[in-house]
Amino acid sequence: MKRIMTSSDRVRDCKSLYSKRSDCKSARTGLNHEADHALRELTDPIQKKKDLMRIDVQYGNAEERRVIEGSEQRTAYKHGEIEEGEITRNNHNGYRYEMNSSITTVGVLEW
Ligand SMILES: [Zn+2]
C-alpha cells in the first residue's frame, strides 16, 4: 500500500542546525548557506578551491568562514533569527534537531 505524504511528514523531515542551543538557525538559512557555496562553485571555482584548501582554525577553511560570516549572518538576520550585532555561530560545528517547519528555529518538542 502506497503511503501518501502528509504535511506533518514534511514537518518531521525538516532539520535545522545549531552549534549550541541559543545559536539556532532554520533550514531555510541553512539552505542559503549551501546555495552560497554552490553559487561560488559556478562563479569563482578556482578561488573557491583555493579557499577550501586554506585551513582556518575557527571555521575549518576559508570558504566556510566566507559563507558563515557573510551570507549566513545576513540571511539569518533577514529571517529574524538573530538580532543586529548577533551571530549565528562562531565555528563550523552544529547539531541537527527536528523543528516545526523549515522556516522556524522552534523545535518539535518546544511550544
Ligand atoms: Zn558551508
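This is a predicted model: local features need pLDDT of at least 70, side-chain atom pairs count only at pLDDT 80 or more; totals for chains, interfaces and linings use all residues.
**Entry 1. Overall layout**

I recorded five helices and five strands in the protein. Helices (H or I, at least four residues) and strands (E, at least two) are DSSP runs, numbered from the N terminus. Along the sequence I read the pattern α-β-β-α-α-β-β-α-α-β.

I then looked up burial. A residue is buried if 20 or more other C-beta atoms lie within 10 Å of its own, exposed if 12 or fewer, and partly exposed in between, with C-beta atoms placed from the backbone. Of the 111 residues in the protein, 19% are buried.

For contacts, I took two residues as touching if their C-beta atoms, placed from the backbone, lie within 7 Å. Among the contacts with a separation of 6 or more, 58% join residues 24 or more positions apart.

**Entry 2. N61 and D56**

I returned to N61, which is partly exposed, with 15 other C-beta atoms within 10 Å. Leaving out residues up to four places away in sequence, N61 touches D51, L52, R54, I55 and D56. The C-alpha atoms of N61 and D51 are 6.5 Å apart in space, and the two residues are 10 residues apart in sequence.

I next looked up D56, which has its place in strand β3 (residues 55-56). D56 is also partly exposed, and 15 other C-beta atoms lie within 10 Å. Not counting residues up to four places away in sequence, D56 touches N61, A62, E64 and R65. D56 and N91 are 35 residues apart in sequence, and their C-alpha atoms are 10.0 Å apart.

**Entry 3. R65 and the faces of α4**

I located R65 in helix α4. R65 counts as partly exposed because it has 16 C-beta neighbours inside 10 Å. Apart from neighbours within four places in sequence, R65 is in contact with D56 and Y59. From R65 to N91 I noted a C-alpha to C-alpha distance of 8.3 Å, at 26 residues apart in sequence.

Which residues of α4 are buried? I listed E63, V67 and I68. Seen down the axis of α4, these residues fall within an arc of 120°, so they line one face of the helix. The arc is that of the directions from the helix axis to the C-beta atoms. The buried residues of α4 pack against α2 (27-43), α3, β4 (60-61) and α5.

**Entry 4. α3 against α4**

I examined helix α3 (residues 45-53) and helix α4 (residues 62-69), whose axes come within 5 Å and cross at roughly 105°. That angle makes α3 roughly perpendicular to α4. Axes are lines fitted to C-alpha atoms, for helices over the stretch in contact, and angles run from 0 to 180 degrees between N-to-C directions. Angles under 35 degrees count as roughly parallel, over 145 as roughly antiparallel, 65 to 115 as roughly perpendicular and the rest as oblique.

In this pair, K48, D51 and L52 of α3 meet A62, E63 and R66 of α4. By class, I noted two nonpolar, no polar and four charged residues in the contact. Ala, Val, Leu, Ile, Met, Phe, Trp, Tyr, Cys and Pro count as nonpolar, Asp, Glu, Lys and Arg as charged, and the others, Gly among them, as polar.

**Entry 5. α2 against α5**

I found that the axes of α2 and α5 come within 9 Å and cross at roughly 150°. The two helices are therefore roughly antiparallel to each other. From α2, T29, N32, H33 and D36 make the contact, and from α5, S71, E72, T75 and A76. I sorted these residues into one nonpolar, five polar and two charged.

Within helix α5 (residues 71-78), the buried residues are E72, T75 and A76. They cover an arc of only 95° around the axis, which puts them on the same side of α5. Just after α5, I noted that G80 takes a positive phi of about 75°.

**Entry 6. S26**

S26 is buried, with 24 other C-beta atoms within 10 Å. S26 and S102 are 76 residues apart in sequence, yet 6.1 Å apart in space, C-alpha to C-alpha.

Notes: Residues are numbered from 1 along each chain as its sequence is written.
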